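Subject: Structure handover

Hello,

Here is the structure I promised to pass on. Please open it beside this email, and my notes follow below.

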Amino acid sequence: MSFLRTITRTSGLLRPLANVRAPTAVYARWISTELRERLDKDIKSNDVVLFMKGTPDAPMCGFSRATVQIMQVQGVDFTEKVNAFNVLEDEELRQGIKEYSEWPTIPQVYIKGEFVGGCDILLNMHQSGDLEDLLVKSEIIPPEEEE
């Protein structure tokens, strides 16, 4: 056995202690009551709510663009069914929506008042067929007619 292996096995000085952890930063930022009420109202009063970077016509990030494209492929009518918010226009909204949903990234999608997820979740749901099922069940899109 090598000298270094012998020393590290027998000496407590050279081995790291199992229960020692680096201190972690703990912080909390609370969204204002006004913003929470505004988000509650907006999310619950619309069929589909999309918090994104940019607008559906001009997305400002690839994930927001992909989210819009997924919803368009599913047949979601953006003029009647979707209320989209550009978080780049309002820094309080940009940070507040992350705290509201406890989801760290944007875009964020809500359907019938329920948080669905971001681009990655929407993509997985689209690929599995779960997104279409949810949109039909929520009466956002009509069911496909059987031939």
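Start with R38: its relative accessible area is 33%, so this residue counts as partly exposed. Keep in mind that the model is predicted.

R38 pairs with D90 in a salt bridge, with 3.6 Å between the closest N and O atoms. The two are 52 residues apart. R38 sits in helix 2, while D90 is in the loop between strand 2 (82-86) and helix 4. D90 is partly exposed as well, at 24% relative accessibility.

Now the other salt bridges. The count for the model comes to five. Two of them share D47.

- D47 with K81: the side chains meet at 3.5 Å, N to O. D47 lies in the loop between helix 2 and strand 1 (48-52), and K81 in the loop between helix 3 and strand 2, so the bridge ties together parts 34 residues apart in sequence.
- D47 with K112: the closest N and O atoms are 3.0 Å apart. K112 belongs to the loop between strand 3 (108-111) and strand 4 (114-117), 65 residues from D47.

How accessible is each? D47 has a relative accessible area of 21% and is partly exposed. K81 is partly exposed at 23%. K112 is partly exposed at 40%.

Next, the helix packing. Two packed helices are described by the angle between their axes and the distance between the axes.

Take helix 2 (residues 33-44) and helix 4 (residues 91-101). Their axes come within 11 Å and cross at roughly 75 degrees. That angle makes helix 2 roughly perpendicular to helix 4. Helix 2 contributes L35, R36, R38, L39, D40, I43 and K44 to the contact. Helix 4 contributes E92, L93, G96, I97 and Y100. By class, the contact has six nonpolar, one polar and five charged residues.

Helix 3 (residues 62-73) and helix 5 (residues 119-128) make another pair. Here the axes come within 9 Å and cross at roughly 30 degrees. An angle under 35 degrees counts as roughly parallel, so helix 3 and helix 5 are roughly parallel to each other. The crossing is left-handed. On helix 3, the contact uses F63, A66, T67, I70, M71 and V73. On helix 5, C119, L122, L123 and H126 take part. These residues divide into eight nonpolar, two polar and no charged.

Best wishes

Methods: Residues numbered from 1 in each chain as written. Predicted model: local features only at pLDDT ≥ 70, side-chain atom pairs only at ≥ 80, totals over all residues. Heavy atoms only, no water. Axes fitted to C-alpha atoms, helices over the stretch in contact; angles between N-to-C directions. Helix = DSSP H or I, 4+ residues; strand = E, 2+ residues; numbered from the N terminus. Parallel < 35°, antiparallel > 145°, perpendicular 65-115°, else oblique. Left-handed = near helix turned anticlockwise from the far one by under 90°. Contact = heavy atoms within 4.5 Å. Nonpolar A, V, L, I, M, F, W, Y, C, P; charged D, E, K, R; others polar. Salt bridge = Lys/Arg side-chain N within 4 Å of Asp/Glu carboxyl O. Buried < 20%, exposed > 50% of the residue type's maximum accessible area, 1.4 Å probe, protein only.
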